[in-house]
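User: I have a model open and would like to talk through how its side chains pack. Could we go through it piece by piece?

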Amino acid sequence: MAGMVEKKLTSLGITLPTPASPIANYVAFTRSGNLLIVSGQLCFGADGQLVAKGQLGGRVTVENGQKAARASAVNLLAQTKAALGDLDQVKRVLRLGGFISSAPGFTDGPKVMNGASDLMVEVFGDKGRHARTTVGVSALPADAAVEVEGMFEVV
């Protein structure tokens, strides 16, 4: 039976994908007490393809970057569900970290990361409001445009 958070996702037209396995020497998530830290998630869409490839300020627009950040956040939620079994176990989204593949001089990374932040607030309401860091980088794995990591307070 789906919990309240999954019902909210369904109402938004979002189906959580099967979480991706780590591609290097790390784990997808780690938990210590009531703190869950989820490793960075790339912007793979429901079709398994990257939502946006390349650099923001290059061939990727801010709008497409926001879609990529939202896709990364969906994948973050999929990992969170894998860790907890039930997204209703999330008490609060504490922090998101965003990595934006950026062409030299691109300064709108925070606008791009709003794609992830907005989803957390849509899904969790006030519990989804969080601290955040957005960093422009020269490249990401698989030429992804965006990667998002998260930290959650959990039951």
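User: Leaving aside its neighbours within four places in sequence, which residues is Phe124 in contact with?

Analyst: Bearing in mind that this is a predicted model, Phe124 is in contact with Val5, Leu77, Leu87, Val90 and Val93 once neighbours within four places in sequence are set aside.

User: And which residues touch the most other members of the largest nonpolar core?

Analyst: That core has 39 residues, and those touching the most other members are Leu96, Met120, Phe124, Val146 and Phe152. At least two core residues are supplied by each of helix H1 (4-11), strand E2 (35-42), helix H2 (62-84), strand E3 (90-101), helix H3 (109-124) and strand E5 (146-154).

User: Where does the largest share come from?

Analyst: The largest share comes from H2, which gives eight residues to this core.

User: Staying with H2, how far apart are its end C-alpha atoms, and what should its residues span?

Analyst: The end C-alpha atoms of H2 are 32 Å apart, and this agrees with the 33 Å that its 23 residues should span at 1.5 Å a residue. Just after H2, Gly85 takes a positive phi of about 85°.

User: What about Thr80, buried or exposed?

Analyst: Thr80, which is found in helix H2, counts as buried because its relative accessibility is 0%, and the cut-off for buried is under 20%. Not counting residues up to four places away in sequence, Thr80 touches Leu36, Val38, Leu87, Val90 and Phe152.

User: How far is the C-alpha atom of Ala116 from that of Ala73?

Analyst: The two C-alpha atoms are separated by 5.1 Å, although Ala116 and Ala73 are 43 residues apart along the chain.

User: One last topic: where is His130, and what polar contact joins its side chain to Ser117?

Analyst: His130 sits in the loop between H3 and strand E4 (131-137), and a polar contact of 2.8 Å joins its side chain to that of Ser117. A polar atom of the His130 side chain also lies 2.7 Å from the backbone oxygen of Gly128.

User: Which other residues does His130 touch?

Analyst: Not counting residues up to four places away in sequence, His130 touches Val93, Leu94, Arg95, Leu96 and Met120, as well as Ser117.

Definitions and conventions
Residues numbered from 1 in each chain as written. Predicted model: local features only at pLDDT ≥ 70, side-chain atom pairs only at ≥ 80, totals over all residues. Heavy atoms only, no water. Core = buried A, V, L, I, M, F, W, Y, C linked by side-chain atoms within 4.5 Å. Buried < 20%, exposed > 50% of the residue type's maximum accessible area, 1.4 Å probe, protein only. Helix = DSSP H or I, 4+ residues; strand = E, 2+ residues; numbered from the N terminus. Contact = heavy atoms within 4.5 Å. Expected span 1.5 Å × (residues − 1). Polar contact = N/O pair within 3.5 Å; in protein donor to acceptor, adjacent residues only side chain to side chain.
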